[in-house]
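Here is a short report on selected local features of one protein model. It goes from backbone details to helices and then to charged pairs.

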Amino acid sequence: MSAAQPAQHFDEDHDVVVVGSGAGGMAAALTAAHHGLDVLVIEKTDSIGGSTAVSGGAVWIPMNPHSSEVGVEDSREAVLSYLQAILGNRMRRDMIDAFLDAGPRMVSFMESNTALRFIPRAVSPDYQSNLEGASSGGRTIDPAPYDGRELGENFNLLRNPIAEFLVFGGMMVGRKDIDSLLGIRSSWVNFRDSTKLLLRYGLDRLRYPRGTRLLMGNALAARLLKSALDRNIPLRTGTAAAKLLLDGPRVVGLEVERDGRTTRIGARRGVVLATGGFPADAAMRAAWLPHADQHYSMAPVGNSGDGLKLAREAGASIDTDNIGNAFWTPVSVMRERDGREIRFPHLILDRQKPGVIAVNHAGRRFVNEATSYHEFVEAMHRAHESEPTIPAYLVCDANFLRNYGLGLVRPAARSLSRFLDNGYLIAATTVAELARKLGIDAANLAESVAQMNRAAASGDDPAFGKGSTAYNRYLGDPGHTPNPCLGPIETPPFYSVRVFPGDIGTAAGLKTDAKARVLNSNHDPIPGLFASGNDMNSIMAGAYPGAGITLGPALTFGYIAGLELANATQDEAQQ
């Protein structure tokens with residue numbers, strides 16, 4: 001039966017079927033279930049959480065209920081001014097207004113009716129902190145840490161975080177934890193906090209395959225999972241959506257495949273697509289992402305465009321007219337001798353610190369290294385148009401490597417042999433030798449290093465302004481003066497890691513309206529079909545204004561979809 005033919009019968013029926021178990025899908029499921037609907041969640045992989053579970057977990061919700069707790073006064077006018085400056089004529093006011101209206105209510109609803117709990121960031125500058133309307137804090141909230149033991153036997157159902165972000169083979173740590181562990185001998189407080197962390201982790205490993213103290217996106221995914229379990233929402237893993245079933249123009253269900261068997265599932269109210277976008281689909285990447293042959297995604301391999309493909313067969317439109325069609329991050333790649341490939345996203349741990357530069361094949365700097373991960377890759381793309389900049393090279397000295405690490409190389413690493421032997425980390429006794437090993441212009445690299453050394457001494461980077469914005473300084477080293485982002489590169493040996501353009505998810509997606517309903521080519525809603533998360537075209541049009549601008553809209557439009565499916569108003573949702 002083709003997708004355009006009416007459904008005759010179903011093997012089972014539900015009010016709502018949600019495809020995907022990340023933040024967007026789970027928010028829709030929990031909201032609809034709260035309003036009395038019979039909800040089924042299907043997940044193609046064997047674990048729950050999608051890209052949410054491997055993310056940083058930040059949630060950008062302007063004017064959220066917690067901002068006043070940290071002394072932040074926000075306004076709609078300021079948010080709109082900031083977003084207008086970034087999005088320009090790509091700002092869809094209907095979508096932004098829906099997000100700003102529903103976001104704070106979503107937070108209140110989730111905290112009142114689910115296991116979700118959020119902690120506000122007093123200091124978390126928006127990424128373009130120099131623009132009018134930008135906030136220095138309050139708009140980004142984080143999921144509260146979660147005790148994975150509360151999941152019981154379902155703990156193993158939760159998707160694991162990225163292994164390279166774990167320490168000691170399975171312990172999650174935040175920025176404060178890293179500082180405590182690195183400075184365990186420097187103060188009683190660090191010793192106490194580190195000992196507490198290590199003892200908890202040691203006890204965990206007696207019973208669990210990894211630590212149960214969950215942070216960031218893993219905590220968010222765990223809290224959503226616990227909420228679904230508490231509401232007895234069926235979570236069917238290993239189940240792939242194969243085809244939407246239509247009765248005329250209306251989506252009435254879908255065919256799914258599990259263990260080689262096809263099942264027809266009815267959806268009386270509708271289907272929500274939240275499969276995580278298309279970062280793992282080679283054809284879509286080639287069509288919509290620049291330099292796809294040298295592009296590395298950090299998203300789960302299961303995010304292969306299923307939702308977009310299903311919706312397109314039902315007449316949906318995909319919007320690719322964005323500022324960018326993915327949320328970029330520079331990625332370094334290490335290939336082990338057994339052929340295994342390890343990817344590391346250079347988000348916030350190294351580029352912003354004092355004593356590192358990024359250069360292209362000509363040995364020239366091309367970017368403010370402390371800018372956001374998204375803008376860093378945008379700069380790579382622009383620079384590559386005139387000089388080879390893919391890959392680019394992060395260059396530092398021995399002091400930097402010891403103090404801050406570089407990519408997969410952690411601070412104060414006891415041995416570098418693994419990284420040197422497979423070519424991930426390049427080392428040299430002089431800057432000229434490093435340039436030769438990298439195959440880049442030695443004279444230009446020497447001048448780039450000298451330029452940074454002069455900037456470090458003065459505290460001012462006239463070439464690119466590293467450390468000149470609140471966002472830059474937020475991620476620098478607060479104990480380093482005169483500029484927390486500027487340091488010399490002068491102590492041999494010198495080191496480098498190659499970085500490539502990559503992403504943490506895709507931005508191009510299904511065109512929807514402000515009620516999360518998927519639109520057809522005539523811009524009319526397809527009855528019974530909704531989208532959230534990265535299956536929905538980014539309301540930020542592929543821009544990245546601040547920490548959490550993917551998860552904030554994902555949760556919010558999942559919530560909106562759940563309300564729409566239940567025919568509930570936002571006021572009713574608070575009851």
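## Backbone details

Alanine 412 is partly exposed, with a relative accessible area of 48%. The model is a predicted one. Alanine 412 sits in the loop between helix 10 (398-404) and helix 11 (417-421). Its phi is positive, about 55°, although alanine 412 is not a glycine.

Methionine 216 is another residue other than glycine with a positive phi, here near 55°. Methionine 216 belongs to helix 6 (residues 216-230). Its relative accessible area is 30%, so methionine 216 counts as partly exposed.

Next come the cis peptide bonds. One joins isoleucine 390 and proline 391, with omega about 0°. Proline 391 lies in the loop between helix 9 (373-384) and strand 19. Another cis peptide bond joins proline 492 and proline 493, and omega is again about 0°. Proline 493 is placed in the loop between helix 14 (470-474) and strand 21 (494-506).

## Helix 13

Helix 13 covers residues 442-458, 17 residues in total. From first C-alpha to last, helix 13 reaches 25 Å. That is close to the 24 Å expected at 1.5 Å a residue.

At the start of helix 13, look at aspartate 441. One of its side-chain oxygens comes to within 3.1 Å of the backbone nitrogen of alanine 443. After the helix comes glycine 459, with a positive phi near 85°.

Which residues of helix 13 are buried? They are Leu445, Ser448, Val449, Met452, Ala455 and Ala456. These residues lie on the same side of helix 13, because they cover an arc of only 120° around the axis.

What covers the buried residues of helix 13? The cover includes strand 18 (356-359), strand 19 (392-397) and helix 12 (431-438). The other side of helix 13 has Ala443, Ala457 and Ser458, which are exposed.

## Helix 15

Helix 15 spans residues 551-565 and has 15 residues. Its reach from first C-alpha to last is 21 Å, close to the 21 Å expected at 1.5 Å a residue. Helix 15 is mostly covered, with 14 of its 15 residues buried. Asparagine 567 follows helix 15 and has a positive phi, near 55°.

## Salt bridges

How many salt bridges does a search of the whole structure find? The count is 29. The table lists some of them.

| Arginine 76 | Aspartate 101 | 3.0 Å |

Take the salt bridge between aspartate 101 and arginine 76. Aspartate 101 is in helix 3 (residues 93-113) and arginine 76 is in helix 2 (residues 76-87), so the pair ties together parts that are 25 residues apart in sequence. Aspartate 101 counts as partly exposed, at 39% relative accessibility. Arginine 76 also counts as partly exposed, at 24%. Both residues take part in a network of salt bridges that links Arg76, Arg93, Asp97 and Asp101.

Arginine 90 lies in the loop between helix 2 and helix 3, and aspartate 321 lies in the loop between strand 15 (318-319) and strand 16 (326-335), so the pair ties together parts that are 231 residues apart in sequence. Is aspartate 321 buried or exposed? Aspartate 321 is exposed, with a relative accessible area of 53%.

Arginine 149 is partly exposed, with a relative accessible area of 37%. Aspartate 147 counts as partly exposed too, at 22% relative accessibility.

Technical notes. Residues numbered from 1 in each chain as written. Predicted model: local features only at pLDDT ≥ 70, side-chain atom pairs only at ≥ 80, totals over all residues. Heavy atoms only, no water. Helix = DSSP H or I, 4+ residues; strand = E, 2+ residues; numbered from the N terminus. Expected span 1.5 Å × (residues − 1). Buried < 20%, exposed > 50% of the residue type's maximum accessible area, 1.4 Å probe, protein only. Arc of directions from axis to C-beta. Contact = heavy atoms within 4.5 Å. Polar contact = N/O pair within 3.5 Å; in protein donor to acceptor, adjacent residues only side chain to side chain. Salt bridge = Lys/Arg side-chain N within 4 Å of Asp/Glu carboxyl O.
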